[in-house]
Amino acid sequence: MRPYDAILPAPMCPLGACFSGDTLTRLDFLPVDSTVSASNSDARIRLLARELDAYWDSPSHAFDLPFAAQGTPFQLRVWNALTTIPVGHPTTYGTLAKRLGTAARAVGQACGGNPLPVLIPCHRVVAASGLGGFMHAATGAPLDVKTWLLNHEQNTG
């Protein structure tokens, strides 16, 4: 497992968080049996925990903490587009691809490489029929996480 600055509790599974300075750079869904570890003395971690708790309470919460995703120019373009998808109104890979002038599979690959899920809501992109994939997986725990997030946001918006 990669070294995390904190492993925070979440309703569906623990989340591993990495920071560069005060900026959140990675948020990973971890196996449900991962041990939670977060320092109460670290202001960055306290802020992230408060922001995530606000989202768990209200999926329309707008995150207000410094975060930055590192990726290719194409990935950054897709990830930026993900932030414009309204809560509770998922779109399809094909629809987003048309909007960006690219292929649905390329959008799916960029979504799968998203280093900041939840903050950059890749879970809001689904297949034309069904969930599609999540975190480069077509079955298992990743799809359970995607389902949980979509259900959490379903009655918002």
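Which residues does leucine 82 touch, not counting residues up to four places away in sequence? In this predicted model, the partners of leucine 82 are Leu96, Cys111, Ile120, Pro121, Cys122 and Val125.

Two packed helices are described by the angle between their axes and the distance between the axes. Here helix α2 spans residues 73-82 and helix α3 spans residues 93-100. Their axes come within 11 Å and cross at roughly 115°. The crossing is right-handed.

Now widen the view to the core. The largest nonpolar core has 41 residues. Leu82 is among those with the most contacts inside it, along with Phe29, Leu48, Leu52, Trp56 and Leu149. Strands β1 (6-8), β2 (15-20) and β3 (23-29) each give two or more residues to this core. So do helices α1 (43-57), α2, α3, α4 (104-112) and α5 (141-153). Helix α1 gives the most, with 5 residues. The core lies between domain 1 (6-57) and domain 2 (73-155), because both give residues to it.

Valine 118 has a positive phi of about 80° although it is not a glycine. Valine 118 sits in the loop between α4 and β5 (125-126). It is buried, at 3% relative accessible area. Methionine 135, also not a glycine, has a positive phi of about 55°. Methionine 135 lies in the loop between β5 and α5. At 31% relative accessibility, methionine 135 is partly exposed.

Key:
Residues are numbered from 1 along each chain as its sequence is written. This is a predicted model: local features need pLDDT of at least 70, side-chain atom pairs count only at pLDDT 80 or more; totals for chains, interfaces and linings use all residues. Side-chain values use heavy atoms; hydrogens and water are left out. Axes are lines fitted to C-alpha atoms, for helices over the stretch in contact, and angles run from 0 to 180 degrees between N-to-C directions. Helices (H or I, at least four residues) and strands (E, at least two) are DSSP runs, numbered from the N terminus. A crossing is left-handed if the near helix is turned anticlockwise from the far one by less than a right angle, and right-handed if clockwise. A nonpolar core is a set of buried Ala, Val, Leu, Ile, Met, Phe, Trp, Tyr and Cys residues joined through side-chain atoms within 4.5 Å. Buried means under 20% relative accessible area, exposed over 50%, partly exposed in between (1.4 Å probe, protein chains only). Domain bounds come from an automatic or database domain assignment. Contact means heavy atoms within 4.5 Å.
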